[in-house]
Amino acid sequence: MQSSLPLQHNFSLRQLNTFGIEARAASYLRITAVEQLRAALADPALAALPRLVLGGGSNLLLTGDFPGLVLHIALEGRDILPGDADHVHVRAAAGENWHAFVQWTLEQGCGGLENLSLIPGTAGAAPIQNIGAYGLETKDMFHELSAFDPASGDIVKMKRADCRFAYRDSIFKQEAGRALIVLDVTFALPRRWQPNLRYAELAAAVAEQGLAAPTPRQVADTVIAIRRRKLPDPADIGNAGSFFKNPVVSAAQCAQLLQQFPALVHHAQPDGSEKLAAGWLIDQCGWKGRSMGAAGVYPKQALVLVNNGGATGADVQRLAAAIQADVAERFGVALEPEPVFV
């Protein structure tokens, strides 16, 4: 029996991943309503296929054609909810562009997410990756989300503790929650806003402008300016942002590294461990600006791998593996990729 869903076959995913890598999906369905999602997963023929849930494609490396069903989550909508005495609640459907949503919250007079301006991707991906930048992570402003559970067909509500947030991690990247499909996300933004200037580079940039008491919009504009200066626009150069996580090592290992490399960039963590700057490690190995075939390392930021034109997922994988090997050999530190390899 033929499906009544608007399925497309042999569908190009090149425009749906920020690396701009050409790969094709055997079947593709753009989800604009929860009913479509429910119908697709209730269809025995479709439910039996390998499944890839796709948002903005900004944390994804396609290593070849996908032999199953791509569910492209394109749910739209954003709301301001009553909240409570201390917080305004703002909600975004999973398919909303993340940066546009952050800018919308500022237009509504709601500060709190400005440090996460200009991060590519969709709102639904924010809790999955626990995206973070400039001293703020998703979990810091998170209130709850709705997710579709394919196993039961139910929509479940999840609070912060349910999501098991960690550095660039959540339950949605673990076995217990990998099948869940995020539908919308609600954030609790402070009614009595204070600028988050814990990140030294951001604080310095604000100070350089003479902003003694910056507004949320001024902080956002400063973050946007920093990111544009350091990071390539995927519309111009294919990339997935920071390709490697900043590795976390023990205080003892960090102390040993500092003896050999006094300029090592490191940041103490609340649990006593130390977070190292992956970009610095890569730069010290001489990779900034270098290429292997059509894949390269961005000249202005060693943490960003780029598609210089016509790169395949395999090209990017080879480059990443070479970088990992050099960093491991020189520093004894393992770099873990941020993007999901498919």
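Arg 168 lies in the loop between helix H6 (160-163) and strand S12; helices (H or I, at least four residues) and strands (E, at least two) are DSSP runs, numbered from the N terminus. Phi of Arg 168 is near 50°, a positive value in a residue other than glycine. Arg 168 is buried, with a relative accessible area of 12%; buried means under 20% relative accessible area, exposed over 50%, and partly exposed in between, with a 1.4 Å probe and protein chains only. The model is predicted: local features need pLDDT of at least 70, side-chain atom pairs count only at pLDDT 80 or more, and totals for chains, interfaces and linings use all residues. Residues are numbered from 1 along each chain as its sequence is written, and side-chain values use heavy atoms, with hydrogens and water left out.

Asn 130 also has a positive phi, near 45°, and is a residue other than glycine. Its place is in the loop between helix H4 (125-129) and strand S8 (132-133). Asn 130 is buried, with a relative accessible area of 0%.

The largest nonpolar core has 54 residues, of which Leu 71, Trp 98, Leu 145 and Phe 187 touch the most other members. Strand S12 (residues 181-190) gives the most to this core, with six residues. Apart from it lies another core, of 46 residues, among them Val 249, Ala 278, Ile 282 and Ala 320. A nonpolar core here is a set of buried Ala, Val, Leu, Ile, Met, Phe, Trp, Tyr and Cys residues joined through side-chain atoms within 4.5 Å. In soluble globular proteins, nonpolar side chains tend to be buried together.

Leaving aside its neighbours within four places in sequence, Leu 145 is in contact with Pro 127, Val 156, Lys 157, Met 158, Cys 163, Phe 172, Val 182, Asp 184 and Val 185. Contact means heavy atoms within 4.5 Å.

## Strand S10 and its partners

Seven of the eight residues of strand S10 (residues 142-149) are buried, so this strand is largely enclosed by the rest of the structure. Six bridges join S10 to S12, and the two run antiparallel; two strands pair if DSSP finds at least two bridges between them. The bridge partner of Ser 146 in S12 is Asp 184.

S10 is also joined by six bridges to strand S11 (residues 154-159), again in the antiparallel sense. Here Leu 145 has Met 158 of S11 as its bridge partner. S10 and S11 form a hairpin with four residues between them, and Gly 153 in the turn has a positive phi of about 80°.

## Strands S1, S2 and S5

Strand S1 (residues 8-12) pairs with strand S2 (residues 24-31) in the antiparallel sense over four bridges. His 9 has Ser 27 in S2 as its bridge partner. S2 pairs with strand S5 (residues 66-73) in the parallel sense over six bridges. Leu 29 stands opposite Leu 71 in S5, and Leu 71 is among the residues that touch the most other members of the largest core.

At 1.5 Å a residue, the 19 residues of helix H11 (residues 313-331) should span 27 Å, and its end C-alpha atoms are 27 Å apart, which agrees. The expected span is 1.5 Å times one less than the number of residues. Buried residues in H11 include Val 316, Leu 319, Ala 320, Ile 323 and Val 327. Seen down the axis of H11, its buried residues fall within an arc of 160°, so they line one face of the helix; the arc is that of the directions from the helix axis to the C-beta atoms. Just after H11, Gly 332 takes a positive phi of about 70°.

An open sheet of four strands has the order S13-S19-S18-S17, with antiparallel pairing. Strand S13 (238-242) and S17 stand at the edges, each with a single partner strand, so one side of each is left without a neighbour in the sheet. Two bridges join S17 to S18, and Met 292 stands opposite Ala 295 in S18. H11 lies across S17, S18 and S19, running at about 35° to S18. Axes are lines fitted to C-alpha atoms, for helices over the stretch in contact, and angles run from 0 to 180 degrees between N-to-C directions.

## The three-stranded sheet

Another open sheet has three strands in the order S14-S16-S15, with antiparallel pairing. Its edge strands are S14 (248-249) and S15 (266-268), each pairing on one side only. S15 and strand S16 (residues 274-276) pair over three bridges, and the bridge partner of Ala 268 in S16 is Glu 274. Helix H9 packs on the sheet, touching S14, S15 and S16, and its direction makes about 50° with that of S16.
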